[in-house]
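Dear colleague,

Please find the structure we spoke about just below, with its sequence alongside.

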Amino acid sequence: MKVSAGEVWHEFVLYCIEKGYAGVENLSLIPGSVGAAPMQNIGAYGVEVKELITEVEVLDLKDFTTSIFSNNECEFGYRSSIFKTTAKGKYFITAVTFKLNKKAKLNTSYGAIEDELNVMGVKNPTIKNVSDAVINIRRSKLPDPIKIGNSGSFFKNPEVSIEVKNKILSKHPNVPVYNQPSGDFKLAAGWLIEQCGWKGKRIENYGVHTKQALVLVNYGGAKGQDIYNLSEDIIQSVKKKFGVTLEREVNII
Ligand SMILES: Cc1cc2nc3c(=O)[nH]c(=O)nc-3n(C[C@H](O)[C@H](O)[C@H](O)COP(=O)(O)OP(=O)(O)OC[C@H]3O[C@@H](n4cnc5c(N)ncnc54)[C@H](O)[C@@H]3O)c2cc1C
């Protein structure tokens with residue numbers, strides 16, 4: 001299905017659910033447009049949009065010619081693509097083509113989804129049930145950007161070697177660790193930040209969200225520099241405690 005870049009992402013997800021097109025349900029309620037989705041390969045609850053994109057149509061901002069990037073040519077990575085790295089600022093994405101499934105292959109491997117489906121009393125989930133579960137979880141954990149200024153997850157989950165993972169595990173046996181196909185291990189950045197005492201910390205009119213330490217919030221009137229400085233302090237304290245350098249997921253402009 002080819003979708004124009006200006007469509008609202010969540011409305012596209014709801015349209016797919018209504019039509020019975022499976023694949024995007026785990027990506028429910030991510031704020032933004034369809035055209036921005038390939039930029040950082042949006043992802044949530046065990047699904048990344050790169051798994052669903054076949055083509056990205058672009059307008060070259062230098063000579064205004066149009067061309068098509070295949071999935072491979074988009075060089076998708078974790079919260080990354082060619083449009084966020086080597087081709088940054090070169091193209092305007094005009095449309096994205098997705099390959100969705102009429103037969104649902106649900107991904108409820110993220111524990112929170114299973115738990116929420118249980119709370120909802122759902123035994124044989126449909127894509128609508130999974131979408132509703134994701135929406136419920138997101139609403140309970142993430143601040144609504146219309147009410148409190150925020151950019152969602154401020155940091156990426158760091159990937160570390162087996163040596164670093166074992167060193168951290170020996171001191172902190174509860175650290176959430178996810179095995180990666182590369183042989184490395186992904187750690188939950190939010191957990192690391194929380195262990196450093198940042199969760200819910202407020203400095204004047206900005207701070208770290210009370211329910212999710214990955215999210216920095218502007219309660220009103222804080223400057224970009226304030227948020228940047230806070231993110232730098234967080235990076236330094238996580239480095240000191242765990243020896244891991246967090247990378248920002250957001251674009252700094
Ligand atoms: C509360 C909250 C929760 C979030 N949760 C998630 C999450 O779970 N997973 C996730 O991956 N992200 C998440 N995000 C981040 C954000 O929703 C995504 O990055 C989204 O894709 C941004 O869309 P946008 O239209 O607002 O893009 P913008 O923020 O306006 O732009 C992002 C970048 O893309 C570029 N861009 C936008 N459209 C185009 C286009 N058509 N062509 C070329 N370049 C373009 C912009 O120039 C900019 O560099 C969250 C954000 C918030 C506030």
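Of the 21 residues around the ligand, those that come nearest are Gly 32, Gly 35, Ala 36, Ile 42 and Gly 152, where a residue is near a molecule or strand if its C-beta atom, placed from the backbone, lies within 6 Å of it. Please keep in mind that this is a predicted model, in which local features need pLDDT of at least 70 and side-chain atom pairs count only at pLDDT 80 or more, while totals for chains, interfaces and linings use all residues. Residues are numbered from 1 along each chain as its sequence is written.

The shell around the ligand holds 12 nonpolar residues, 9 polar ones and no charged ones; here Ala, Val, Leu, Ile, Met, Phe, Trp, Tyr, Cys and Pro count as nonpolar, Asp, Glu, Lys and Arg as charged, and the others, Gly among them, as polar. Both domain 1 (1-141) and domain 2 (149-242) contribute at least three residues to this shell, the domain bounds being taken from an automatic or database domain assignment. Strand E2 (43-44), strand E6 and strand E7 (149-153) each supply at least two residues of the shell, and E7 gives the most, with 3 residues. Helices (H or I, at least four residues) and strands (E, at least two) are DSSP runs, numbered from the N terminus.

Strand E6 also belongs to an open sheet of 4 strands, which follow the order E1-E6-E4-E5 with antiparallel pairing; two strands pair if DSSP finds at least two bridges between them. Strand E1 (2-4) and strand E5 (66-70) stand at the edges with a single partner strand each, so one side of each has no neighbour in the sheet. E1 is joined to E6 (residues 91-98) by 3 bridges, and Lys 2 has Thr 97 in E6 as its bridge partner. Strand E4 (residues 53-60) pairs with E6 over 7 bridges, also in the antiparallel sense, with Ile 53 standing opposite Phe 98 in E6.

Two residues deserve a look for their backbone angles. Most residues other than glycine have a negative phi, yet what is found at Asn 41 is a positive phi near 50°. Asn 41 lies in the loop between helix H1 (9-19) and E2, and it is buried, because 21 other C-beta atoms lie within 10 Å. A residue is buried if 20 or more other C-beta atoms lie within 10 Å of its own, exposed if 12 or fewer, and partly exposed in between, with C-beta atoms placed from the backbone. Glu 204 likewise has a positive phi, of about 50°, and its place is in the loop between strand E11 (202-203) and strand E12 (206-208); Glu 204 is exposed, with 9 other C-beta atoms within 10 Å.

Turning to the helices, H3 (residues 127-141) has 15 residues and reaches 21 Å from its first C-alpha to its last, close to the expected 21 Å, a span defined as 1.5 Å times one less than the number of residues. Among the buried residues of H3 are Ile 127, Val 130, Val 134 and Ile 137. Gln 225, in helix H6 (residues 224-242), is exposed, with 8 other C-beta atoms within 10 Å.

With best wishes
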